Amino acid sequence: MLITFEGIDGSGKSTQIELLQQYLRDKSYEVQVFREPGGTDVSEMIRGMLLNPEIEIDPVTELLLFSSARSQLVAEKLLPLLKKDVVVILDRFFDSTTAYQGFGRKSMPIEEIKQINEIATHNLTPDVTFYLRLSLEEAAERTKRFEKDRMELSGDSFFKRVFDGFEQIAKTEERFKTIDAGQGVQEIHEEIVSNLENRLL
Ligand code: TMP
């Protein structure tokens, strides 16, 4: 089973992934967690380039680099693990490319981004995607003390388009479960678990 988490920076994905991973392990599931971009040697090297605030990257190059990192992760890790019935949790997947590179950067028309996503994922689609929805104001408040990476330095109007992008995807994708990320950590966790209960048994 493939579970993905999406949302703007600061929406609390990492905390929820940690809690879910623990919950599933306590229930004796074999679980593996990866972050995107990352999760393999090649993908982590690409991540280093993508997030480095000291280099400039052309928008189409950026789109292809995120996609290359993803293709390597899918081929090297995700497909073999899913074949062995391991539960895989991903901190971001191709919906982030649609939201950030498609809606945010406008690197290419959304239809073309979809085609690139299909290639990069080797046609792998999540069983369920938890979209942690947080207002831009609250996200900015939560992340203001952290040093910003290259993506996070992209400006307010970029992040507004990314937010709107996730909202659009949430409206059209049945697998998207939208969760109010302004709630308490435990409340969010319980909502996620109750959503998964029928799927896991
Ligand atoms: P992270 O901070 O959640 O680990 O993600 C790294 C950054 O990369 C984050 O700002 C979102 C961005 N990103 C994209 O722009 N496109 C993508 O396809 C992915 C996976 C992440």
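# Briefing: helices, ligand site and selected residues

The buried residues of helix α7 are F158, F159, V162, F163, G165, F166, E167, I169 and A170, where buried means under 20% relative accessible area, exposed over 50% and partly exposed in between (1.4 Å probe, protein chains only). Helices (H or I, at least four residues) and strands (E, at least two) are DSSP runs, numbered from the N terminus. The model is predicted: local features need pLDDT of at least 70 and side-chain atom pairs count only at pLDDT 80 or more, while totals for chains, interfaces and linings use all residues. Residues are numbered from 1 along each chain as its sequence is written, and side-chain values use heavy atoms, with hydrogens and water left out.

**Helix α7**

- Helix α7 spans residues 156–172, 17 residues in total. From its first C-alpha to its last, α7 reaches 25 Å, close to the 24 Å expected at 1.5 Å a residue (1.5 Å times one less than the number of residues).
- The cover over the buried residues of α7 includes strands β1 (2–6), β4 (128–133) and β5 (176–180), together with helices α4 and α6 (136–143); contact here means heavy atoms within 4.5 Å.

**Helix α5 and the residues that follow**

- In helix α5 (residues 110–120), the buried residues are I113, I116, N117 and A120. Viewed down the axis of α5, these residues fall within an arc of 105 degrees, so they line one face of the helix; the arc is taken over the directions from the helix axis to the C-beta atoms.
- E111, Q115 and I119 are exposed on the other side of α5.
- The packing partners of the buried α5 residues are α3 (59–83) and α4 (94–104).
- N123 is located in the loop between α5 and β4, and its relative accessible area of 59% makes it exposed. The phi of N123 is also positive, near 65 degrees, in a residue other than glycine.

**Ligand site**

- There are 13 residues around the ligand, of which D9, R47, R92, T97 and Q101 come nearest; a residue is counted if one of its heavy atoms lies within 4 Å.
- D9 places a polar side-chain atom 2.8 Å from an oxygen atom of the ligand, a polar contact being a pair of N or O atoms within 3.5 Å; within protein, one must be able to donate a hydrogen and the other to accept it, and residues adjacent in sequence count only if both atoms are side-chain atoms.
- An N or O atom in the side chain of T97 is 2.5 Å from an oxygen atom of the ligand.
- For Q101, a polar side-chain atom lies 2.8 Å from a nitrogen atom of the ligand. The ligand taken alone exposes 480 Å², and the protein buries 93% of that area (Shrake-Rupley method, 1.4 Å probe; for residues, only the protein chains shown count as cover).

**Buried strand residues**

- T129 belongs to strand β4 and is buried, at 0% relative accessibility.
- The side chain of T129 forms a polar contact of 2.8 Å with that of T4 and another of 2.7 Å with that of R175.
- Not counting residues up to four places away in sequence, T129 touches T4, E6, D95, R175, F176 and K177.
- D91 is part of strand β3 (residues 87–91); with a relative accessible area of 13%, D91 is buried.
- Beyond its neighbours within four places in sequence, D91 is in contact with F5, K13, S14, I17, F34, R35 and E36.

**Loops and backbone geometry**

- P37 sits in the loop between β2 (31–35) and α2 (41–51). The peptide bond leading from E36 to P37 is cis, with omega near -10 degrees.
- P37 and N123 are separated by 86 residues in sequence and, C-alpha to C-alpha, by 17 Å in space.
- K106 occupies the loop between α4 and α5. Although K106 is not a glycine, its phi is positive, at about 55 degrees.
- K106 counts as exposed, at 59% relative accessibility.
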